[in-house]
Amino acid sequence: MVKWLISRCVVAVSFAVIGFAGNCHAEDSSKVLRIVPQADLKILDPIWTTAFVSRNHGYMVYDQLFGIDAKGQIQPQMVDTYTKSPDFKEWTFTLRKGLSFSDGQPVTSEDVIASVNRWAKRDVFGQVMATQLDKFEAIDANSFKMTFKTPFPMTLEALSKPSGNANFIMPKRVAMTPADQQITEYIGSGPYVLKMDEYKPGAKIVYLKNEKYVPRAEEPSGTAGGKRVFVDRVEWVILKDAQTQANAIANGEVDLIEWMPADQYAALKDNPKLELLKPTPAGSFDLHLNHFVPPFDNPKIAQAAIMAVNQEALMRAQMVNKDLYRPCVSIYPCDSPLASTDTGYFTGKPQFEAAKKLLKEAGYDGKPVVLLFPADFAVLNKFPPVLAQLLKQAGFNVDMQSMDWSSLVTRRTSKEPADKGGWNMFITGWGPGDMMNPMFFPPLTGNGEKGWFGWTTDPKLEQLKADFMAAATDDQRKKIAKELQLQTYQTGIFAKVGDFDYITVVRKGVVTGLVPSTVNAFWNLKKN
Amino acid sequence: MLFILRRVLSTVPVLLIVALIVFAMLRLTPGDPAAALVGNNSNSEDIARIRTSLGLDEPVPVQFVRWAGKALQGDLGESYYMKQSVTHLIAQRIGPTLSLSALTMLITLSIAIPLGILAAWRHGGWLDRSLMSFSVLGFSVPTFVIGYLLIWAVALHWKLLPVQGYTPINESFSGWLSHLFLPAVTLSIVYLALIARVTRASVAEALTEDYIRTARSKGISELRILVRHALTNAAVPIVTVIGIGIGLLIGGVVVTETVYAIPGLGQLTVDAVLGRDFPLIQGITLFFSFAYVLINLLVDLSYVLLDPRIRY
């Protein structure tokens, strides 16, 4: 009886397996491109949040007035022509002919004005621009004019801003949504249309080709140029587990992984069916210090903490493989035009004795510094234990507090002393679009409580930023950027931990056409 | 009938207490949804604005009364992140979880009960000892280890089944089965161990009863004795364990759903908790509570059918 049962079970299971094995890849189609995005897409309003995945969704559905090409140059995108006055106060723009939203309605100046105004209420640099803006008016349906109170040479940088909140153009009726509320209609003039009836956050997000989209004639380059679509359908497949991502692409079930999990590097690079690419510039990790409460309200103690940083040790622990990171002392990514090695005392290598001496001079009272440890966040959770040890070696008492990422982002809003629910330090990461311009980089603020978490008060830094904004040439900007870097380390606002590579994995020979860009661009892709 | 009515009515205070506890615990737990929502580049002012727009700056009792009032009318609110109603999101995710639970139970029961009966029948024999060893293994090996091993062998090595994903049964039965087979096998190993063990113990105990000896002396076949007499009389503890298993399955398939990327309620719950999506956490908790109460009720009612001596 036992044998009979076992044999029947084996037969039944085998039959079932063989019977439906043929369906494994039955849904595969060369016109469906399956992408594993960096995170689940839960928020569909890229102006309301600064989450990278919402920004990338924005690039699918919306277009920008200006784009940034692969060389970092700003190029007209929805704009056809523009003029500027010699004093940079008056700017006029004309839209390309034939632009329309995916619902068939033409893109007009009114849509642009409403969109830019809403963006300027949310974005860090947009808010700066809004304070300088005197008049923003439509000349006609296709032309508009911006008039500033003072010279504003960075107008094109604002309109082409690639990250944080990228400046996307929406229909006026949508853009009139208050900036603190999410939009509920997702109509754009970008290369794709969101298929709302198949929108299943946590599972799959589907985009179809926008038949109304009018690409520019130029080749795609960065976020500029013609954003052509060669597939009928793009599916963002939400796979949160790193191993599942690797298994799925190895099995041909997905075609592209936007950000390869670092711990899968060794396995994926040896797979001959896969190709590892670096379509975006490097990102960075930074150590952020709270200047609002002791002890880092004393710049000497902040400098001592920065001297404890051992970039190689920290980056190796987090990124696992040496191919994926580089020590870099500049506050800008080392492969970016503004990068420089003028960092004063900061070398990226530990200087424990010098740090101890500074602590003594500054009168550090030995009170524990609270280091926030996001234990659930795989992208950051190897840093804190290493940093805690380095800080101890430099003479600090360290209280490393474990929590999830949501708790960390809440905790960092607290201005209480560290022992009363506040904090002293944490590490986070930034994308290239955030750091390419000091005006875009949120932590680079010296305006106290109005600034980013850490709330440094540094009037000289603010003045340097104002100078940078007013600078008319690249040489002038580069010089000021260097001074900004020196001042950042002098005040001890934050310290660079290192640069890391964003690796995109594609099925070799199956997916081609990935466009190098500041942000991940999913147009121009072909599935062969 | 009165019993059923009484049990159904008893769910109301249970759900109310659950709602109150969950609401209070969420507000006491560190983590501000507004801070999680706005992204890395925003500052304190942005967060404060979002808190206001979500009504999170109001006193907690006011928030509770507003939420409870809507919940009583069937409106569980809207997800902070996805801007979709909580009921819609639960409805969207319940299909994969129920499918996975049903297939897991089907595989489990079709193997565990015969195995348990056979082990009891051959008490102390090799099958019995093998089953006990398998039970220890089934309980001890983490689900994700079993999952990854099965994926490696069946999906990556032999290319028989897909690694991940889910296809609704109404779109394609074969797609549904091919995507759920491995996750269901993964999960069923734990439950198989549990239910086979309980079946073995219950049937073994029943086999020592006088009525079994009487049946054997009357010349009734062993198969009929095992199924008709022993199993029927041993069914109450087995059904109880199955009921608990179903309840655990519906709320506890998080790891399996993550490993196989099945968009079910388990993943939705984890996402909601990590993102402090208060309305969603509250809605899912209420749903789970209701499901547990319902399953318990069904188990209790099944006792009447299985054992005529039980009356409510």
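Close-up 1. Cys328(A) counts as buried because its relative accessibility is 2%, where buried means under 20% relative accessible area, exposed over 50% and partly exposed in between, with a 1.4 Å probe and protein chains only. The torsion about the S-S bond of Cys328(A) and Cys334(A) is about 90°, so the disulfide is right-handed. Over all chains, the structure holds 1 disulfide.

This is a predicted model, in which local features need pLDDT of at least 70 and side-chain atom pairs count only at pLDDT 80 or more, while totals for chains, interfaces and linings use all residues. Residues are numbered from 1 along each chain as its sequence is written, chains are lettered from A and ligands numbered from 1 in the order in which they are written, and side-chain values use heavy atoms, with hydrogens and water left out.

**Close-up 2. The open sheet of chain A.** In chain A, 4 strands in the order 4-5-7-6 form an open sheet with antiparallel pairing; strands are DSSP runs (E, at least two residues) and helices likewise (H or I, at least four), numbered from the N terminus, and two strands pair if DSSP finds at least two bridges between them. Strand 4 (79-84) and strand 6 (133-138) of chain A are the edge strands, each pairing on one side only.

**Close-up 3. Strands 4 and 5 of chain A.** Strand 4 of chain A pairs with strand 5 (residues 90-95) of chain A in the antiparallel sense over 5 bridges. Lys84(A) has Trp91(A), in strand 5 of chain A, as its bridge partner.

Definitions and conventions: Disulfide = S-S within 2.5 Å.
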